[in-house]
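Colleague: I am new to this structure and would like to learn how to read its parts and the places where they touch. Could you take me through them step by step?

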Amino acid sequence: MDIQTIRKDFPILNQQVNGHQLVYLDNAATSQKPTSVIQTMVDYYERYNSNVHRGVHTLGTLATDRYEEAREKIRRFIHAKSDKEIIYTTGTTQSLNLIAYGYGLARLGKGDEIVISPMEHHANLIPWQQVAQKTGAVLRYFPMEEDGTLALEKVRETISNKTKIVSVTEVSNVLGTVNPVKEIAKIAHECGAIMVVDGAQSTPHMAVDVQALDADFFVFSGHKMLGPTGIGILYGKQELLEAMEPIETGGEMIDEVGFQSATWAELPWKLEAGTPHIAGAIGLGAAIDYLQQIGMDQIQSYEESLTNTAYELLSQIDGVTLYGPGKRSGLVSFNINGVHPHDVSTALDSEGIAVRAGHHCAQPLMSCLKCESTVRASFYFYNSEDEIEALAKGIKETKEFFGHVV
Amino acid sequence: MLFNNLDQLYRSVIMDHYKKPRNRGELNGNHCVTVKMNNPSCGDKIQVSLEIENHKVKDVKYLGSGCAISQSSASMMTEAIKGLDVDQIHQLTFDFSEMVQGHEHNDDLDLGDAEALHGVSQYPARIKCATLAWKAVEKALRTADQDLNHE
């Protein structure tokens, strides 16, 4: 991988922020977009902007073809069996809400259990809290090890015949932990539960095979993997999606409508009410083209070496606490003792380094870590070793700055 | 030079309040009101207690956790408003909010050490940190208005 060539594909990276070259290390929040994705979306708006699945005119046909081609690219990318299993949503949050309300609500009752992990993003937590409150189901958590991992024997002890839904993130957005979702799915299935995998932080960084995982549902967002915001995917096994009632109804999703009732279109359109984010879907298709041209395995191994460098450099700095396991996906969460994460983030920003500070939409996890917030530097394949060194240098300087200004 | 503008934000008086907070604690009693406020986007928390008698804030205490800006601002706020009449406090919180947003503001009233936070206006992402405690005071005054007047 030639990083300098790759970086030229991302126009935003070539700029000064606060008088310094931008070092963008907030990729777990959202990734930057290559010219090919931006241009694909501009082309749609400039050359064939039309609604999909409606008109029979030429532009409408072109838009529909491109929109459905993107679905097919996404299907191949995650190795789903059929296009019917790929539902366009606005992102991971909507995908998880569709599962909780469209699948869970009608099937859960008093005494049933939903099991999630303590490291879930609020998007994979609050919908389950809500559905548990509405149905009388119990929301349970897998215990988490000291290093922020899940132990399979404890997973096995937590899942029982009462468990109806297990929902776990493949990669923690705070700790970088890579969870053994395939093994957890197996345990869930042995007890008759379905397995939901939050792939928001894994899909951008590693090869995904939903059939090999045997996930019943798998969800992710386009904007964290070079695509635009406002587009995401709900994958579900066809028989489960067939059984789901649409929670949004209206245009696009119908078969036949009478004065008093209506019947639904077939999958995937049954679960896609209204005019979709057409440019977003086509843009996500272009993002997948770009990722595949580099190769997900190359991306994963390059990011692993970046992350190892970051972990090593940061763990050598006195007074820096790192969170999460040694083996992790491409991010590092840390604190500088005695300096609040927001103050660290402001200091780094003044050096052109963009990181995230806060609770990362994971407040229960923060209480497990016994802190209120952390600083998070998260990487993508266009980041360089030099940028990791700039981060380490910035952290040392921040520590000195706040050590002196008293 | 590193961080050449950063000391305009983190002035020594601010760091002094952060490291040696004034008026930390809680007030309980007949004329006391306590409110909590969070900044949900970043997790900063603040609790402000006021003791109000004859339309005056006789005493004020705060508890909280968060960044240097939010916590020093809270500490400075307690010094600035203690002993003031409720109407003056409304004016002061308004002036403070205008100042940290970089707007023209009235300087008839004395913000005290809190004046040092004017540098926040150059850091738009941090304005909410600076105003959290002052918004909590406004909330406490509204609560007091409802509770204490209807006793």
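Domains and contacts

Modeller: Chain A is divided into domain 1 (38-293) and domain 2 (296-404), with bounds that come from an automatic or database domain assignment. This is a predicted model, in which local features need pLDDT of at least 70 and side-chain atom pairs count only at pLDDT 80 or more, while totals for chains, interfaces and linings use all residues. Residues are numbered from 1 along each chain as its sequence is written, and chains are lettered from A and ligands numbered from 1 in the order in which they are written.

Colleague: How many residues of domain 1 of chain A are in contact with domain 2 of chain A?

Modeller: Two residues are in contact if their C-beta atoms, placed from the backbone, lie within 7 Å. Here 21 residues of domain 1 of chain A are in contact with 21 residues of domain 2 of chain A, and the C-alpha centres of these two domains lie 29 Å apart.

Colleague: Which elements of chain A give two or more residues to the side that touches chain B?

Modeller: Helices are DSSP runs (H or I, at least four residues), numbered from the N terminus, and strands are runs of E of at least two. In all, 14 residues of chain A are in contact with 20 residues of chain B; the elements that give two or more residues to that side of chain A are helix 12 (341-349) and helix 14 (385-404). Helix 12 of chain A supplies the largest share, four residues.
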